[in-house]
Amino acid sequence: MNCRDVVRHLHEYLDGELPGAKVEQIDAHLHQCEHCQRFLASYRKTIQLFRRTLDHDLSPEASRHLWQILERKLEH
Ligand SMILES: [Zn+2]
């Protein structure tokens, strides 16, 4: 599992939609990869910010949109 794989699955990882084996692989990678730890932290922070701003849970569309923004940011 490399950084791109982690990022690709992070959304489902946070939503608890991944099978246990995949979660373990991501956990193992996160444990030893500072880059992905930072990405995860900024992703969580951004979601919190969005929620505070909107004052309710993100709709699936908004969540997808947010995810696309973050993925694009990571590619730079
Ligand atoms: Zn990584």
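Student: Is Tyr 43 buried or exposed, and why?

Tutor: A residue is called buried if 20 or more other C-beta atoms, placed from the backbone, lie within 10 Å of its own, exposed if 12 or fewer do, and partly exposed in between. Tyr 43 has 20 C-beta neighbours inside 10 Å, so Tyr 43 counts as buried. This is a predicted model, in which local features need pLDDT of at least 70 and side-chain atom pairs count only at pLDDT 80 or more, while totals for chains, interfaces and linings use all residues. Residue numbers start from 1 along each chain as its sequence is written.

Student: Why is Asp 5 classed as it is?

Tutor: Asp 5 is partly exposed because 14 C-beta neighbours lie inside 10 Å. Over the chain of 76 residues, buried residues make up 9%.

Student: Which secondary structure does the chain have?

Tutor: Helices (H or I, at least four residues) and strands (E, at least two) are DSSP runs, numbered from the N terminus. The chain has four helices and zero strands. Asp 5 belongs to helix H1, and Tyr 43 to helix H3, residues 34-54.

Student: What does Tyr 43 contact beyond its neighbours in sequence?

Tutor: Two residues are in contact if their C-beta atoms, placed from the backbone, lie within 7 Å. Outside the four places on either side in sequence, Tyr 43 is in contact with Leu 10 and Leu 70. Tyr 43 and Leu 70 are 27 residues apart in sequence, with 7.2 Å between their C-alpha atoms.

Student: Which residues form the largest nonpolar core?

Tutor: A nonpolar core is a set of buried Ala, Val, Leu, Ile, Met, Phe, Trp, Tyr and Cys residues joined through C-beta atoms within 7 Å. The largest one here has seven residues: Val 6, Val 7, Leu 10, Ile 26, Cys 36, Phe 39 and Tyr 43.

Student: At what angle do H1 and H2 pack?

Tutor: Axes are lines fitted to C-alpha atoms, for helices over the stretch in contact, and angles run from 0 to 180 degrees between N-to-C directions. H1 and helix H2 (residues 20-32) pack at about 120°, with axes 11 Å apart. Angles under 35 degrees count as roughly parallel, over 145 as roughly antiparallel, 65 to 115 as roughly perpendicular and the rest as oblique. H1 and H2 are therefore oblique to each other. The contact is made by Val 6, His 9 and Tyr 13 of H1 with Lys 22, Val 23, Ile 26, His 29 and Leu 30 of H2.
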